[in-house]
Amino acid sequence: MERHVFADDGAPRTQHRAARDGTVTPEMVRVAEREGLGPDVIRAEIARGRMVIPANRHHGGLDPMAIGLKARVKINANIGSSPTTSSADEEVEKLTLSQRWGADTVMDLSTGKRIRATRQAILDVATVPIGTVPIYEALERVKAPEDLTTEVLLDVIREQAEQGVDYMTIHAGVLLEHLALCRHRVTGIVSRGGGLLARWMVHHERQNPLYDGFDEVLAVCAEHDVTISLGDGLRPGSIADASDAAQFAELDTLGELVGRCRAAGVQCMVEGPGHVPLHQLQENVERQQRVCHEAPFYTLGPLVTDVAPGYDHITSAIGAAIVGWHGTSMLCYVTPKEHLGLPDADDVKQGLIAYRIAAHAADLARGGAHGARAARWDRELSKARFGFDWEGQFALAVDPDTARAMHDETLADDYFKTAEFCSMCGPKYCPMHNFRDVDWTRLAALAAPARPSPTSG
């Protein structure tokens, strides 16, 4: 795909700058095809800053996609090696599975000594946008978090941009003056990037180097058309800490940074909270959209309760469906291993399936063209179910393999692929089978209005 590298004035030609100049790029055309929208609609949304296309000009194998209010609700999968386990081959397998099971983007959150090699292996085969958190790699270049410098952080951001990373989480909104607001939290700071920067700021008694150096970060991202994901370093890590002063103080700063991104021609989205109870979800989304000038919202979950370790793909998918309905543009999946350990391939699948369901439910609730498409999918599967079209039902399922396997656990023979019952009810009690056997002609006669009796005289 041809990439527009420079504008007429010699400045880097990002998707945002092209859109504001009235140019429809090849990436916008591809997104329009995928979303079922007109290219001019895509261009207008990107110019407004309400949609982003994460597409580093060096990521050659990328199939462009969009994140925004007028796009389908998207899903991100987190993968990445840790210092204690996993390898590049395992992470590439997770990427392949993530793409197979419907991830729209993938974040490589690798830590340890082989971060760059792992990321290159992922980029070599990724057709979806790849995101990173540069501070993780920067930490590997120093002995302690206190040794981080703006120069080290910028070096890592520049190298990752040159390598082809499509979007980066930059925790520039965590300010020194916000930290006192976290002191009495139940779970303090749960963001890895936020925790590292808090430690650095207190030690040096200085402002966040990513905030102070944000203009330099913007220059690098503009050069390579990297989308910035403004990190929520003070997101609540427990229900007790949800919607507190620290979270919203950072959000206000992120709103300021959105304006700076747009002025520099850099696409941006805003990351959102992790643990929020059901009754606060709509308020959180609406506040983000207001404070951050409708920049795409990208949330982790949110988890709507804290009591289900091992099942947090479920507790978070509940929240994800609701915030997606109210305007969140991308949902970062949570796996069953959240809070417990590094996800394996099966955890990745479980997280993605849960979030595909959440995103589909959100699209359905939003309505519009994407809601109509979601409703058609539901209708087609229901018709196959009512018609006892088992093969059709499997094919239309979010996870065809699991649907087929669960059916075949009790009725494996090919004969049962045409049977008008399943093992739950059997042939005698199946309500749909019995419904089809109703004598509708007789019912119509019974339902007809009774004739008046002759008048006696």
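Guide: Buried residues make up 54% of the 457 residues in the chain. Here buried means under 20% relative accessible area, exposed means over 50%, and partly exposed lies in between, with a 1.4 Å probe and protein chains only. This is a predicted model: local features need pLDDT of at least 70, side-chain atom pairs count only at pLDDT 80 or more, and totals for chains, interfaces and linings use all residues. Residues are numbered from 1 along each chain as its sequence is written, and side-chain values use heavy atoms, with hydrogens and water left out.

The chain holds 20 helices and 10 strands. Both are DSSP runs numbered from the N terminus: helices are H or I with at least four residues, strands are E with at least two. The C-alpha trace spans about 105 × 50 × 50 Å along its principal axes. A contact means heavy atoms within 4.5 Å. Of the contacts with a separation of 6 or more, 71% join residues 24 or more positions apart.

Now the core itself. A nonpolar core is a set of buried Ala, Val, Leu, Ile, Met, Phe, Trp, Tyr and Cys residues joined through side-chain atoms within 4.5 Å. The largest one has 99 residues, and Ile170, Phe214, Val217, Ile228 and Tyr355 touch the most other members. Its largest share, eight residues, comes from helix 14 (residues 345-366). Leaving out residues up to four places away in sequence, Tyr355 touches Ile75, Gly301, His313, Ser316, Ala317, Ala320, Leu331, Cys332, Tyr333 and Val334. Apart from this core lies another, of 13 residues, including Ile42, Ile46, Ile53 and Leu62.

The buried residues of helix 3 (residues 39-48) are Ile42, Glu45 and Ile46. They cover an arc of only 100° around the axis, so they sit on the same side of helix 3. The arc is that of the directions from the helix axis to the C-beta atoms. Their cover includes helix 1 (15-20), helix 2 (26-35) and strand 1 (51-52). Just after helix 3, Gly49 takes a positive phi of about 85°.

Back to helix 14 and its packing. Two packed helices are described by the angle between their axes and the distance between the axes. Axes are lines fitted to C-alpha atoms, for helices over the stretch in contact, and angles run from 0 to 180 degrees between N-to-C directions. The axes of helix 4 (residues 88-100) and helix 14 come within 10 Å and cross at roughly 25°. Helix 4 and helix 14 are therefore roughly parallel. That label applies under 35 degrees; over 145 is roughly antiparallel, 65 to 115 roughly perpendicular, and the rest oblique. The crossing of helix 4 and helix 14 is right-handed: the near helix is turned clockwise from the far one by less than a right angle. Glu93, Lys94, Leu97 and Ser98 of helix 4 meet Ala345, Val348 and Leu352 of helix 14.

Helix 4 passes helix 5 in a right-handed crossing. Ala88, Glu91, Val92, Leu95 and Gln99 of helix 4 make the contact with Thr118, Ala121, Ile122 and Val125 of helix 5.

Phe214 brings in another pair. Helix 10 (residues 214-224) and helix 11 (residues 245-263) pack at an angle of about 45°, with axes 10 Å apart. Helix 10 and helix 11 are therefore oblique. Their crossing is right-handed. The contact uses Phe214, Asp215 and Leu218 of helix 10, and Leu257, Arg260 and Cys261 of helix 11.

Most residues other than glycine have a negative phi, and most peptide bonds are trans. Gly301, one of the residues that Tyr355 touches, is joined to Pro302 by a cis peptide bond with omega of about 5°. Pro302 lies in the loop between strand 9 (297-300) and helix 13 (312-326). Phe388 has a positive phi near 55° and is not a glycine. Phe388 sits between helix 15 (368-386) and helix 16 (390-396), in the loop. With a relative accessible area of 6%, Phe388 is buried. His293 also has a positive phi, about 55°, but at 42% relative accessibility it counts as partly exposed. His293 lies in the loop between helix 12 (281-291) and strand 9.
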